[in-house]
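Take a look at the structure below. We will walk through it part by part.

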Amino acid sequence: MIAVRLQSLNDFDEWRGKARQLLAAGLSPENVAWRIPGEANGLFEGGDAMLPEAAGPIGSVPRQFIELAQTAINHADPARFDLLYRVLWRLQEVPQLLLNAADKDNSTLTLMASAVRRDSHKMKAFVRFKAITDDTGFERFAAWFEPEHYSLELTAPFFARRFDGMVWAIVTPYRSVYWDTQTLVFAEGGRRTDVPEVDAVEEDWRTYFSSIFNPARLKISAMKSEMPVKYWRNLPEAELIAPLVRGARQAEQQMIERAASQPPSRHVKQTEKYAQAAEAQSEITSLADARAAVQGCRRCPLYEHATQAVFGEGPEHAQVMFVGEQPGDQEDLAGQPFIGPAGKVLDAAVEKVGIDRSRVYVTNAVKHFKFEPRGKRRIHNKPDAGEIQACKFWLNLEIGFVKPKVIVALGATAAHSLLGRTATISKLRGAPITMEDGTVLFVTNHPSYLLRIPDPERKALEREKFEQDLVLVRDAIAALEACH
Amino acid sequence: MPPLTLRRKLAILSDAAKYDASCASSGTEKRNSAGKGGIGSTEGSGICHSYAPDGRCISLLKILLTNFCVYDCIYCVNRSSSNVQRARFSVEEVVGLTLDFYKRNYIEGLFLSSGIIRSPDYTMEELVRVARSLREDHQFAGYIHLKVIPNAAPELLAEAGRWADRLSTNIEMPTDIALETLAPEKRPSEIRTAMARVRGKLDEAAPEAKTKTRTAKPKWAPAGQSTQMIIGADGANDGAILNRAAGLYSGYKLRRVYYSAFSPIPDASSRLPLRPPPLMREHRLYQADWLIRFYGFDVPEIVAGGEDGLLDLAIDPKLAWALKHRERFPVDVNRADRDMLLRVPGLGTRSVDRIIATRRHHSLRLDDVARIAGSIDKVRPFIEALDWTPGGLTDHQRLRAKLTPAPEQLALF
Ligand code: SF4
């Protein structure tokens, strides 16, 4: 048995140097005992002097081991060095060891490392700086902290990154660290009294702590598991916990019992103002009124999940109105019709056949987006007959105010809406239909239909047919204009 | 009346903020003040600096700029008809408090909300001023979460996202009808429009996946957006709540939907259910939400685990689902694919990943699974391992009773 003495509690490089020597000498873990400063050697144990000279190269270890070991070496368990050496030893035979989550040594090591990481995390959370202000008003900060493991070295760089412009120190029982806005300096440990007892802002912090707590939600065990009691003695807010818990039931009861009192006069005045404003806008006498009113529509259930109603857009007295199916994902988000891919197809075709786009009003038969949520996407769903019927109210208002001479139904839903019955595009396209009020209706495909055709040849064919339909529309507009 | 002290304002305006659950500080970009002389850092995952006795993490200074409000939302302490004491911070006061708390390592940043005063634009502008001052005048690199005031001008929203890590707009109620009944001045479509605008800006700021030349776009609300829904103030069931959430996740790419059990408030309207908040229901909804986002469950599946559109309060939603689908079990841990392993009660994503990594080297025994999962009781009836098959256990009539935890005793303090 050989006893190896370490100078430091958690210096990985020191441990690695010695472990390498042992490994090179082929000393198995059972023959090695690790001693930390202050610990006595056992009987029959040789001292450091017996450490063999490093001889020859030693094998490499997975990087994962180095990372694990660098963390786990900060654990407070005296058995950590032993375990580390055993794993190192076994890695020579079984390089895959760390991939086996079921191995006992491996899982102990992993647990140790996560305990250290947790301790370091708690340090990040529960260090409480106290300010020391000098005569010039300059603030320095100091904190006393008692970590469970030796995790100061691991955690200090975090504080340096976070409080770059501050001068601060953290004192723990085994080591201290100072930051002067430039470098981290480690020194020996200290005592609680090395740090000021109180801080001027602490009382504000306690005020916040007690006010943000909702007594109706008491969950003591949840609090304790995240903020273990062992850390409490250095948290200025912790002294409030017991009284807050004791008073919680009563505070909750008081909230329940304090029923509504007479509203303040300020409120009464405000309510009247709103009521008048609401009344003033209840009648629809213009396209603008309709545009505003549609946002409150409840004629069918679609309003509930769509973002907003998407009303038509275009000149108030356009000659021609294109009616699509319903807004899609993008239209729903932006609140404008035909801004997505289908809109681009329509615009291109309109321009190609020579219809003046600036004289076109575009809208949809149904004003709200109907969809099926699927993860982070919304899948378009066809509106049903009831929804089409319910939304006809708004389309009629648009037609009534815009008074287009020609209406183009894009796709079956629009045709259904305008004709009041299910319609087949292929049978209706190519010839104008004169409506009761004298407007001329054309029926064609919805541009998104073109987008969905995979076969390029068929796609080109359908696009041509679509454009032919638009040529008819263009000619009809021209003819109507000639009459005037 | 003498002016309120800063401390008194802090008491009033943090008390007024405590009902908002949407408070976390995680998921933002990594940044710090190193070499810049300022203070503040964010490292991706947030830090909880303290815990209130309600078990909730305190990571941010969560306050209102003011609790004056022109709206009258019945469920809210700050509604205009309530007689709570009112207060208002100045922009400088909030900035000062945030820095003072931050320097002492009490907090991770600021979560600022406000009652609506004068107009949405005016209110939003004030919130933006606080954030701008922290960033520009004080080189503050900590976390900032701003509440979006629906209906505020898009330019203000655009600026808010330049300074804030996260933006949130609360949907408040599971249905539009409930919202309009309980919050008569709020328009659901305006709330959703605000979310849509935030999403639009987030999409613009997102790095394009395909382009190789990654021209650095200006950062915009790197922690994304979230929302809060109040549970139990209206009659909506869990199905309606989860459907609403699914619609919001898919439409606005929310990072989180926070569920907040309705809790009695002082000076409350008689139209509200004044009873202790349904905390267990809230907890189950979070679990369900989690399963939907990370475990491949869909809303109907989750809801079918309970009865009548309500989740089972006695057991977690995954176990509830598994007990109703025993025909899909036991699952062989040495062979099953990831998706199915994720459906085993008691196995989380990390355990599943470790099982898959380990079984490449050797077949797993029950003991191995226990070591990986941390505890085996809930897992055992649903799996097969090298040395284990549950036999009739999976179909045992009393399995549910066996796996239902005994009602928790309230801890004495
Ligand atoms: S789709 Fe039409 S009818 Fe249905 S709610 Fe929207 S606007 Fe109203």
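Predicted model: local features only at pLDDT ≥ 70, side-chain atom pairs only at ≥ 80, totals over all residues.

Start where the two chains meet. On one side, 90 residues of chain A take part, in contact with 100 residues of chain B. How much area is buried between chain A and chain B? The value is about 7900 Å². Carbon and sulfur atoms give 55% of that area. Three residues stand out on the chain A side: A:R162, A:Y208 and A:R217. Together they supply 11% of the area that chain A buries against chain B, more than any other three residues. The size of an interface is often given in this way, as the accessible area lost when the parts come together.

Now look at the polar side of this interface. The rule finds 39 residue pairs in polar contact across it, counting pairs with both residues at pLDDT 80 or more. Across the interface of chain A and chain B there are also 10 salt bridges. One to find is the salt bridge between B:E180 and A:R298. Their closest N and O atoms are 2.7 Å apart. Which element gives the most to the side of chain A that touches chain B? Helix 6 of chain A, residues 202-212, does, with 9 residues. The residues on this side of chain A divide into 44 nonpolar, 18 polar and 28 charged.

The largest cavity has a volume of about 680 Å³. It is lined by 41 residues. Which of them are the closest to its centre? They are B:Y75, B:C76, B:N170, B:E172 and B:K186. Three elements of chain B give two or more residues to this lining: helix 6 (188-205), strand 9 (225-231) and strand 10 (256-261). The lining of the largest cavity divides into 19 nonpolar, 11 polar and 11 charged residues.

The second largest cavity has a volume of about 70 Å³. Residues of chain A line it, including A:V294, A:C297, A:C300, A:H368 and A:W394. Its lining divides into 7 nonpolar residues, 1 polar and 2 charged.

Step back to salt bridges. Over all chains, the count comes to 63. Find the one between the side chains of A:R90 and A:D103, at 2.9 Å from N to O. What does this pair tie together? A:R90 lies in helix 3 (residues 80-93) of chain A, while A:D103 lies in the loop between helix 3 and helix 4 (104-126), so the pair ties together parts that are 13 residues apart in sequence.

Finish with the backbone. Most residues other than glycine have a negative phi, and most peptide bonds are trans. Two places here are worth checking with that in mind. First, a cis peptide bond joins B:F329 and B:P330, with omega about -5°. B:P330 sits in the loop between helix 10 (317-324) and strand 11 (331-332) of chain B. Second, A:F338 has a positive phi of about 55°, although it is not a glycine. A:F338 is also in a loop, between helix 11 (329-334) and helix 12 (341-353) of chain A.

Note on methods
Residues numbered from 1 in each chain as written. Chains lettered and ligands numbered in written order. Heavy atoms only, no water. Contact = heavy atoms within 4.5 Å. Buried area = accessible area lost by both parts, 1.4 Å probe. Salt bridge = Lys/Arg side-chain N within 4 Å of Asp/Glu carboxyl O. Polar contact = N/O pair within 3.5 Å; in protein donor to acceptor, adjacent residues only side chain to side chain. Helix = DSSP H or I, 4+ residues; strand = E, 2+ residues; numbered from the N terminus. Nonpolar A, V, L, I, M, F, W, Y, C, P; charged D, E, K, R; others polar. 1 Å grid on protein atoms, 1.4 Å probe; cavity = no way out; pocket = protein on both sides within 12 Å on 5 of 7 lines; lining within 4 Å. Points joined across faces, edges and corners; volume = space filled by probe spheres on them.
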